[in-house]
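Please read the following note alongside the sequence and the model.

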Amino acid sequence: MPEIRPSADLRNHYNEISEFCNKYSEPVFITKNGKGDLAVLSIETYEKLCGKFELYRLLEESIEAEKSGRVRPFSEAVSDIRKGLGK
């Protein structure tokens, strides 16, 4: 169940909101005049979320590269890397 709090709680109950976000790794949704306005996350949860977005972007990029034929065998890539390292 999502945690929903009025905007006044940011000022009046900041520590409670912070503890909840850090303990449960879940956002707290803040309302303003009865309507959704913000989502508050812990830094750790935010960084994990950004990491997932980056992973999804890289996966999408690799799928597009494969579809367009811009790929080569792994062994060939490793061989080129070793040549570049002088091994």
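1. Aromatic pair. A search of the whole structure finds one aromatic pair. Phenylalanine 20 and tyrosine 24 form this pair, with 5.0 Å from centre to centre and 45° between the planes, and the arrangement is tilted. By the rule used, rings of Phe, Tyr and Trp (its six-membered ring) pair if their centres lie within 6.5 Å; planes under 30 degrees apart count as stacked, over 60 as edge-to-face and the rest as tilted. Both residues belong to helix α2 (residues 14-24), where they are four residues apart, about one turn of the helix. Helices (H or I, at least four residues) and strands (E, at least two) are DSSP runs, numbered from the N terminus.

2. Basis of the values. The model is predicted: local features need pLDDT of at least 70, side-chain atom pairs count only at pLDDT 80 or more, and totals for chains, interfaces and linings use all residues. Residues are numbered from 1 along each chain as its sequence is written, and side-chain values use heavy atoms, with hydrogens and water left out.

3. Nonpolar core. Which residues make up the largest nonpolar core? The five are Ile17, Phe20, Cys21, Val28 and Ile30. Helix α2 and strand β2 (28-32) each supply at least two residues of this core, and the largest share, three residues, comes from α2. A nonpolar core is a set of buried Ala, Val, Leu, Ile, Met, Phe, Trp, Tyr and Cys residues joined through side-chain atoms within 4.5 Å. Buried means under 20% relative accessible area, exposed over 50%, and partly exposed in between (1.4 Å probe, protein chains only).

4. Contacts of two residues. Cysteine 21 touches Glu26, Val28, Val40, Leu41, Ser42 and Thr45, leaving aside residues up to four places away in sequence. Contact means heavy atoms within 4.5 Å. Threonine 31 lies in strand β2 and counts as buried because its relative accessibility is 18%. With residues up to four places away in sequence again not counted, the partners of threonine 31 include Ile4, Arg5 and Pro6.

5. Salt bridges. The structure holds nine salt bridges, a salt bridge being a side-chain nitrogen of Lys or Arg within 4 Å of a carboxyl oxygen of Asp or Glu. Side chains of opposite charge can pair when their charged atoms come close. Arginine 5 is buried at 12% relative accessibility, whereas glutamate 16 is partly exposed at 43%. Glu3, Arg5, Asp9 and Glu16 are linked in a network of salt bridges.

6. A bridge within one helix. The side chains of arginine 57 and glutamate 61 also meet in a salt bridge (2.9 Å, N to O). They are four residues apart in helix α3, so about one helical turn separates them.

7. Surface patch. Leu49, Phe53, Leu55, Tyr56 and Leu59 form a nonpolar patch on the surface, with about 500 Å² of accessible area together. Leucine 55 is found in helix α3 (residues 43-67) and is partly exposed, with a relative accessible area of 46%. Patches are made of residues with over 30% relative accessible area and no salt bridge: like charges are joined within 9 Å, nonpolar side chains (Val, Leu, Ile, Met, Phe, Trp, Tyr) within 5 Å. Accessible areas come from the Shrake-Rupley method with a 1.4 Å probe; for residues, only the protein chains shown count as cover.
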